[in-house]
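Here is a briefing on a ligand site and a helix pair. Look at the structure, then read the points below.

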Amino acid sequence: MTENQNVVFVSRPGVNGEPKEENFRFEQCPYPVDIQKDEVLIKTLYLSTDPALRCRMNESTGVDYVGPWQIGETIEGFGGVGSVMKSLNPEFVEGDLVCSQYGWPWKEYFVKKPDKSFQKVDKSLVGGKISYCLSILSLTGLTSYLGLTEKGHIQPSHTLVISGAAGACGSLAGQFGRLKGCDRVIGICGSDEKCKYLTDELGFYGAINYKTQNIKDELSKHCPKGIDVYFDNVGGTISDQVIKQMNKDSHVILCGQISVYNKDVPYPPPIPEETQQCLQQNNITRERFLVLNYPEKFDESLKQIAEWLLSGKIKVKETVAEGLVNAGPAFVSMMRGGNIGKQLIHVASP
Ligand code: NDP
């Protein structure tokens, strides 16, 4: 019989704890023996890791779109891509590549009755790289694109600053901002290697290592005309310092606040009085952005992103962990900054 494997959630880090590898356990599990009418048997090829999964480790997630993981159960992640091994569903045949951005189990083989989130992969769009369904051509790419277009109000003369800039969303948002005409794009991230990648490979005008450099001084140096748009992936003190250098009538894209995901605070977390005053005095917008609120814009946005990708205008970086055994460690590493671009897990080949 074919072997099967999965990753089980075994302990919570606590609402104020960092996720650790021991919160996850890699285990053998039964291979699905039977499939029913309308179901398909899937072999997982790649899995996505996402900071928003951190809230599922708590007893209460604090958000309405996902529930907490239960101890002893197989992890349910967000995105996955796989191949159909068997099908009793009229819409899928053996050998189809399928992808979902929502609710993919961290399991090598599983049976599923496909729902609306389940889509066949258009191989011409991904240009031979099926992992792109979980990075640039996924909710990640859409978050970067729609964050900018819905909340950024970008003009050609603008200076755009991005935090979490070398990560999955940040590295794409910087490139999309440039293609949308921003005059300068500055990234903030957590290592010299990441800074070098942003400026030398992705064409960012400047990059700041928040762990070793003075953010205030570096921002003044790189943004002499002030900051017009801030794509905020991290929140906390980094964002307080960026907001202080923003222009009148400028815009914060409130995408994520990863610096507080290991803290017991509501989302979005409260910000210091001084930052709040700065926002008010300068008429800076800072509206919460959630990509899932724009499903009607997904197709049109993916079309534009794919066009840029296929014409070589965008570079895509992925950090890929090998094997389901490394899924838990890959998530933990991503939360600590171990990735450049999207952190993925390669589970099996088609
Ligand atoms: P990333 O690929 O950016 O990975 C997370 C990165 O966060 C790490 O690589 C690390 O980079 C950085 N980081 C971790 N801890 C801190 C900290 N304390 N301070 C500053 N940076 C930190 O993940 P994603 O691109 O998938 O997600 C980026 C953000 O976008 C997250 O906040 C996420 O929740 C949000 N998001 C929002 C969506 C929406 O609809 N609004 C949808 C998808 C994602 P470094 O080395 O630079 O520290």
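A polar contact is a pair of N or O atoms within 3.5 Å; within protein, one must be able to donate a hydrogen and the other to accept it, and residues adjacent in sequence count only if both atoms are side-chain atoms. The model is predicted: local features need pLDDT of at least 70, side-chain atom pairs count only at pLDDT 80 or more, and totals for chains, interfaces and linings use all residues. Numbering starts from 1 along each chain as its sequence is written, and side-chain values use heavy atoms, with hydrogens and water left out.

**Ligand contacts**
- A ligand oxygen is 2.8 Å from a polar backbone atom of Gly190.
- For Tyr210, a side-chain N or O atom is 2.5 Å from an oxygen of the ligand.
- On its own the ligand has 920 Å² of accessible area (Shrake-Rupley method, 1.4 Å probe). The protein covers 87% of that.

**Ligand shell**
- The ligand is surrounded by 26 residues (a heavy atom within 4 Å). Lys194, Tyr210, Tyr261, Val291 and Asn339 are the closest.
- The shell holds 15 nonpolar residues, ten polar and one charged. Here Ala, Val, Leu, Ile, Met, Phe, Trp, Tyr, Cys and Pro count as nonpolar, Asp, Glu, Lys and Arg as charged, and the others, Gly among them, as polar.
- Helices H3 (168-179) and H9 (327-335) each supply at least two shell residues. Helices are DSSP runs (H or I, at least four residues), numbered from the N terminus.

- H6 (residues 236-244) contacts H7 (residues 273-281) through Asp240, Ile243 and Lys244 of H6 and Glu274, Thr275, Cys278 and Leu279 of H7 (heavy atoms within 4.5 Å).
- By class, that contact has three nonpolar, one polar and three charged residues.

Technical notes. Axes fitted to C-alpha atoms, helices over the stretch in contact; angles between N-to-C directions.
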